[in-house]
Amino acid sequence: MALTELPQLQMGFRDIQTANTGFLPAPPPSLLTVVLDTNPHAWELLSSTTGLTLSNVVANLLVFINAHLAFNHVNQVAFIASHVKRAVFLYPTPPKPTPNTNTTANGSAPNGTDTINGTMGDSNKYRPFARIEHEILTNLRALISSTTTSTLRSTTTTMMAGALTTALAYSAKQSVLLSPLADPISAGQDATADYNDGAPASRRGPPLTSRIMVVSVSGDLAHQYISVMNAIFAAQRQKIPIDILKLAGDTVFLQQACDATGGVYVEPEVAEGLLQYLMMAFLPDATARRYLVMPGGGEVDFRAACFCHRKVVDVGFVCSVCLSIFCQPLSDGVCLTCNSRLSLAGAITPAPALFPRKKKKKKRIAGDGTSGASTPMQGVTPGPS
Amino acid sequence: MADSDGEYIQDEHDDDEHDLAIDLDDEEEMPTTSALSSRSKGKARARDRQPRRAREAWETTAQRGKSYGVLKEGADGRIDGDVEREAERRKRMRLRQDTRPFQRGIIRHVILILDLSEAMMEKDMRPSRYLITLRYAAEYVREFFEQNPISQMSIMGMHDGLCVRISELSGNPAEHVSALQLVRHGRPPNLLPREPKGNASLQNALEMSRAALWHTPNHGTREVIIVLGALLTLDPGDIHTTIRQCAKDRLSVGIIGMSGRLKICHEICAKTNAGDDSSYSVALDQQHFRELLMATTTPPVVRTASTVSPNTNTTSTNNNTATPASLLKIGFPSRTTSPHPSLCACHGNLTRAGYTCPQCRTKVCALPATCPGCDFTLILSTHLARSYHHLFPLKNWVPVSWPRAAEVGSRACRACLGAFPDVPAGTGTGTGMGTGTGAGTDGNGNGNSGRYECGDCGSHFCVDCDVCCHETIHSCPGCLS
């Protein structure tokens, strides 16, 4: 056997090879942003019906976050709570603003406290895990205790759009911080051609792979439609998958979000196995997902809902000014949302001319030309639209 | 084309003109392409020193060369603050200046005409104008269909006095991109050789666009965007007749020049846009060219008979009828899968999955599409949602001065928790650091406190979040929470 075939020496040669080429390829840092829906109404309903409480879910999420951080030394995590009227960061803790209305010589002295005080519990715990857990729990308690009953009474929806937007901005900023020279806007597309060569920066691969994980318990939010869709398209553009863990409530927007961004949508049937769902379905990051078969992939309903009745429509009438969808052509030609006069020429298909049937006793009226502002008859073949 | 001239040498009064150049550098917010405005600025400055001959705008530009921006020293003699401000200024220059909600034409039919004449072999843009144009055209196609998913586009080229069609009018971006690749590498029947040749003919281009857009429906816009590198147009007939015809057919033409400003281009744009020639611009350099090209992906403002035009502040008397607001019948098919493969109507391929037209049950592969069976427009609701941010744009955020920053006391960006620079000591009643204007912001409108405030919710953001939220996300995180 030749000397080079000994396994130890082979490994040695391989090390020399990698040392010559530069570096061992390591998986890129991965940012996980968890958006937790803390709508108290929905949680109350959920815990009374299934017994799954917010503290259960938070405990499971903490284990999940620890697992994500354990994967890679440089992984990062952020935690955002989507509350009744606000979306706040639970981790990293946002520093409190320090307004000083009087001019002092030392204007930059921080008045508020940044650090989370208090003991961190078990000193045998791995310190980064303990620190994150402590911050999240402290901030969550502060958030819940600062919610007033008047706020709760005023609305029952949660600020999912705000949480998603904040998560996207945070991910973008973290990407910029890791590669300050790359153009953040075109990081996901072809970058602008450089002066000398046309090689886009994105060919090297993104410096940070981000993903957003949403734990949702509330239903759909019609008045946040535009903001949620904007967030979905922004995530699609920056190639950030949005994963959804649906514990209660039904929403079509979030399903479309998963489908559009390539995320995972799971509605667990057995609530006790929550941690298992988290670990199996949501833990792999974008690079691992290429080689795994991810759950979900059900039918996604892309049909539109009309603005007037919230019915799902196959054929809709769209105002060309404000792009709102209606199920029937409007009787008076005025759009409901933008109040502009619309010409109904494109919407109404005239009934084709019918020959009067002499054999029938009832005289059928020969319809020709436009039939006014009525919907086309069901049995008539539609004319050219 | 001849090579560019040698360096322009000034005749007299060197040192004073040098000061003049620096002043003009500071005052300009972005490179102005309109010669009119910079000429007036040049004349206003020159009028102060009456005995000297008034300098034309092109003279000061040629002397200045590329305006890199002159760095100024701060109060403590350092320039790194100024360098940061330059970087911030460049980032924010991309933001849309006007965020008033206008009615915009969402369904667009755009013809992109590229100049493939000999003037494009000029190497003032790297590697050559021709290659840069093709590269940017590919990026433009992708960006266009992302911003306007229910629109259609066609690409043509002005080559050797003729206008050749590079791709047909369609809503599929892959088709256009592959057609552009063919232009770059030549097509088998050799209809279009690789190199540009001959002269450009604007009349042929306009006639061909008019023919292509003839049968497009009334509720969509009809636009032509011409990229012109040549300084002449060689036409077979009277171009003014063509221009009149185009205006009558509701075409609206925009031109991006690469060499210089031409009277005929000005006339084309003015006549087809009801007297407003803001759609004619000349690129100063490569980056500017790209910005001008990408700016046309924004849907155009629809002009009615008596609106005040946003740019020129004059009431435009419209001789071409504006797009009437109408109710469109559109289908929203759902995705269906069947156990047995069947033919799709658009390509004739055997597929299992597809979208069925709600009117005639024909199967198509991809959306947005026009049903081949009944000519019905088929889209997904998400395609409509993509255009919402044009109709409801996010308002620009205001740069925050140091006194205001001290008043609010924000220490980190609301969206990304990035730390802000600390408010310097002694700020309260002062005017801020380092700049002359009283508001604490420099002349370009960039707050030197690094904070940007949303007018509605009052939260402070950093410059990266500013650019990100306005370019990509189109919502304010503060307003939504």
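This is a predicted model: local features need pLDDT of at least 70, side-chain atom pairs count only at pLDDT 80 or more; totals for chains, interfaces and linings use all residues.
**View 1. An aromatic pair in chain A.** Let's start with two rings, Tyr126(A) and Phe129(A), which form an edge-to-face pair. Their centres are 4.9 Å apart, and there is an angle of 85° between the planes. Is Phe129(A) buried or exposed? Phe129(A) has a relative accessibility of 17%, and buried means under 20%, so Phe129(A) counts as buried. A search over all chains of the whole structure finds seven aromatic pairs.

**View 2. An aromatic cluster in chain B.** Here you can look for Tyr140(B), Phe144(B) and Phe145(B), which form one aromatic cluster. Within it, the ring centres of Phe144(B) and Phe145(B) lie 5.4 Å apart. Why is this pair called edge-to-face? The planes of Phe144(B) and Phe145(B) stand at 85°, and an angle over 60 degrees counts as edge-to-face. Both Phe144(B) and Phe145(B) are buried.

**View 3. A charge over a ring in chain B.** Now find Arg290(B) and follow its side chain to the charged end. Which ring does this end sit over? The ring belongs to Tyr136(B), and the charged end of Arg290(B) is 5.8 Å from the ring centre.

View 4. Strand E2 of chain B covers residues 152–159, and strand E3 of chain B covers residues 162–170. The two strands run antiparallel and are joined by six bridges.

Methods
Residues are numbered from 1 along each chain as its sequence is written. Chains are lettered from A and ligands numbered from 1 in the order in which they are written. Side-chain values use heavy atoms; hydrogens and water are left out. Rings of Phe, Tyr and Trp (its six-membered ring) pair if their centres lie within 6.5 Å; planes under 30 degrees apart count as stacked, over 60 as edge-to-face and the rest as tilted. Buried means under 20% relative accessible area, exposed over 50%, partly exposed in between (1.4 Å probe, protein chains only). A charge sits over a ring if NZ of Lys or CZ of Arg is within 6 Å of the ring centre and within 35 degrees of the ring normal. Two strands pair if DSSP finds at least two bridges between them. Helices (H or I, at least four residues) and strands (E, at least two) are DSSP runs, numbered from the N terminus.
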